[in-house]
Amino acid sequence: MKVPLRPGPLSSSRSLRLRRTRTALVWLATSMLMLMLMLMPRLSAAEDKEPPFITGLLDLPFSNYYLSYRGAITENAGVIFQPLLLLNANLYQGDGPLSNITLTTGVWNSIHSKVRPPANRSTTPNWNELDYIAALNITMFKAWTFTIDYEYWTYPSDTAPVNSIMQFKLGYADSFLKDLLPQIPGELSINPYINFFVELHNKSVAATEESFYFEFGFTPKYVFAGYPLSIELPTYFLFPGNNYYSTNSTLGVFGTGVKVTAPLTFVRERYGKWSVHADLVYKHLANDGLVLSNAALSDTRNPVQIIGGLTLNF
C-alpha cells in the first residue's frame, strides 16, 4: 500500500488508456447492477430467517512485518499493529438466483512501534497508514460472490501521498467436497477466486505510472467437527500489468501460508463471537523491480511474516 515515490506526469496516450479503463469499469459496475435487478425475485423468506441488517468484524492483529499483499516491505522492525473494522449492511436476502447483496464499509490502520524518516517529522509518526474501504458484495446462486471494492489510502505519518484503488473480485464458496469425501468428519472447501486490481490515483508500489494486476488464488479451509477449530491455507499468484512495478515480469508475487483460528467458546454470544488466530505468511517476490524497491529495508525475495490476533464478529 505504501509508496515512497510520487508519479510523474503521464503521456497523452497513457492518460487516454486510463480514461478508457475507468470508463470500462463504470460500465462493468452498471451492468452488474442491471443484472442484479433482473434476477431479483419477490421476497419470500420469512422474517425470522433473515440475518441481522447490520453485522461487523473487528480484527486486532500484531505482526513482525508490514508486508503488503503486493510484496512491498514497508516495515520489518519493531511491532506492527494493524486493526481492521468492517461494518456490513445486509441490503437484500432471497431464495432466487440473486442470494444476497451486502454493502461493506470500514477502516484499516497500520501503527508501528519503530519510527523512520520522514515520519519522525510528523505529528503522528507511529501512525503509518489509514485506509478507508467501501465495497458492494453480490452473491448469486448461494455460492458465487462478485465484489466491487473501492479503497482510499492515506498516510498520517506523511510518508507518502494519498492514493486510491479499485478491485473487482469473483469468488466461489464451494461445498462439493462434502459429498465427494463424506468420510471426513469436518468441513473441507477450496474457495477459489480471481481478482482484478487497478490503481486510480498514485501508486500502490514504487513505480511511476498507475497500472493494474490480475490475481488468481484459493483459500483451502478445514473446520474440525465438534470443536470448530479451523485451518486455512491462503495461496495466490499475482500477475502485474505493464509498469505496475518498475520492471515488468509475468509473475510478480507468489504467496502462501497457514492460518489457524480457534473460537473463544467461554465468551457468551451476547458479547459477539470472539476468536484468536495465528498466521504464518510466506511470499516469493519474483519481480526484480519489487525487490529493488524494498532494498532500503531488505533485499530478501522470500519474506516470512508472523501474525497473532484477536477477532470479534458481531
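1. Helices (H or I, at least four residues) and strands (E, at least two) are DSSP runs, numbered from the N terminus. On that basis, N100 belongs to strand 6, which spans residues 98-112. W108 is also found in strand 6.

2. This is a predicted model, in which local features need pLDDT of at least 70 and side-chain atom pairs count only at pLDDT 80 or more, while totals for chains, interfaces and linings use all residues. Residues are numbered from 1 along each chain as its sequence is written, and side-chain values use heavy atoms, with hydrogens and water left out.

3. Is N100 buried or exposed? With a relative accessible area of 13%, N100 is buried; the term means under 20% relative accessible area, whereas exposed means over 50% and partly exposed lies in between (1.4 Å probe, protein chains only). W108 is likewise buried, at 14%. The C-alpha atoms of W108 and I133 are separated by 7.8 Å, although these residues are 25 apart along the chain.

4. The side chain of N100 makes a polar contact with the side chain of Q93, at 2.6 Å. A polar contact is a pair of N or O atoms within 3.5 Å; within protein, one must be able to donate a hydrogen and the other to accept it, and residues adjacent in sequence count only if both atoms are side-chain atoms. Leaving aside residues up to four places away in sequence, N100 touches N90, Y92, Q93, N137, I138 and T139, where contact means heavy atoms within 4.5 Å.

5. How many salt bridges are there? The count comes to 4, a salt bridge being a side-chain nitrogen of Lys or Arg within 4 Å of a carboxyl oxygen of Asp or Glu. One of them joins K142 to D95, with the closest N and O atoms 3.9 Å apart. K142 lies in the loop between strand 7 (127-140) and strand 8 (144-154), and D95 in the loop between strand 5 (84-93) and strand 6, so the pair ties together parts that are 47 residues apart in sequence. Both K142 and D95 are exposed.

6. A further salt bridge is formed by E199 and K203, whose closest N and O atoms are 2.8 Å apart. E199 and K203 are both buried.

7. D288 forms a salt bridge with R301, the closest N and O atoms being 2.3 Å apart. This pair links distant parts of the chain, 13 residues apart: D288 is in helix 3 (residues 288-293), and R301 is in the loop between helix 3 and strand 18 (304-313). D288 is partly exposed at 49% relative accessibility, and R301 is partly exposed at 30%.
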